[in-house]
Amino acid sequence: MAEQERAIRTRRTILFAAAKVFQEHGYQAATISQILAEAGVTKGALYFHFPSKEDLAQEVLLSQNQDFFVPDRPSKIQEIVDMVLLHTYRLQTDPLVQAAVRLSLDELAHGVNRGESFIHWDNLLQERLEKAQAQGELLPHIVPAETSGVLVGAYTGIQSLSQALSKHQDLSTRVTALLRHLLPSIAVPSVLASVDMSQDRMLKLHADMTAQAQAQAQAQAQAR
């Protein structure tokens with residue numbers, strides 16, 4: 001059991017080291033030697049968990065949403081806003097998410113499935129939009145499959161702009177401005193009147209997600 005836990009810790013150490021190196025240097029310039037030095041592990045330990053740099057990058061992309069948790073809300077528009085706010089907070093504070101986003105936009109990341117994270121978000125938003133439509137929260141002209149793609153594309157552009165201009169320091173401000181501009185063309189006015197996209201809500205969402213992840217980790221530890 002102790003050996004298994006040690007292996008889990010080693011894998012996570014390597015993953016976070018790779019994320020830091022990818023974030024700082026980009027995929028193509030990042031080397032296994034840099035990742036080994038950052039992680040402080042042997043080459044054998046790294047290759048035991050990740051056969052190649054491509055596998056490491058793919059795992060960073062997949063891991064960004066591992067603990068992502070937004071509870072169900074009566075308003076699915078609020079739920080969509082909560083997902084965007086929480087991801088925004090993590091993008092400003094979580095090195096793993098930062099690295100994953102950089103990788104997803106890195107055209108030089110050959111051999112890495114960069115589209116998977118975009119598809120994941122598109123599916124999540126489309127699902128919420130379909131539920132919102134069923135509850136009468138959307139304007140009549142909205143097609144969920146189309147609108148989810150617009151939201152993903154617009155958010156991607158805003159976060160890229162924020163990264164270029166301020167290294168994501170102004171991301172929260174830009175994202176709330178984006179939501180204020182887009183949501184009136186998506187949701188009915190009566191729903192928008194009660195939507196909360198404040199900084200306080202963003203912090204609470206992150207605290208709730210962290211508590212949920214800790215509770216799951218404790219439950220798994222007790223089950224072992």
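Modeller: A pocket here is an open set of grid points with protein on both sides within 12 Å along at least five of seven lines, and its lining residues have an atom within 4 Å of a point. The model is a predicted one. In this model, the second largest pocket holds about 250 Å³ of space. Its lining consists of 13 residues, and those nearest the centre of the pocket are Gln-23, Gln-98, Arg-102, Gln-163 and His-168. Two elements give two or more residues to this lining, namely helix H6 (95-105) and helix H8 (144-166). The largest share is that of H6, with four residues. Sorted by class, the lining of the pocket has eight polar, three charged and two nonpolar residues.

The cavity may now be set beside the pocket. The structure holds one cavity of 30 Å³ or more, and the volume of the largest cavity is about 310 Å³. This cavity is lined by 21 residues, with His-87, Trp-121, Val-152, Tyr-155 and Thr-156 closest to its centre. At least two lining residues come from each of helix H5 (76-93), H6, helix H7 (115-134), H8 and helix H9 (171-182). Here the largest share, six residues, is supplied by H8. The classes in the lining of the largest cavity are 15 nonpolar and six polar residues, with no charged residues, whereas the lining of the second largest pocket includes three charged residues.

Conventions. Residues are numbered from 1 along each chain as its sequence is written. This is a predicted model: local features need pLDDT of at least 70, side-chain atom pairs count only at pLDDT 80 or more; totals for chains, interfaces and linings use all residues. Side-chain values use heavy atoms; hydrogens and water are left out. On a 1 Å grid over the protein atoms alone, a cavity is a set of points where a 1.4 Å probe fits but cannot get out, and a pocket is an open set with protein on both sides within 12 Å along at least five of seven lines; lining residues have an atom within 4 Å of a point. Grid points are joined across faces, edges and corners, and a volume is the space filled by probe spheres set on the points. Ala, Val, Leu, Ile, Met, Phe, Trp, Tyr, Cys and Pro count as nonpolar, Asp, Glu, Lys and Arg as charged, and the others, Gly among them, as polar.
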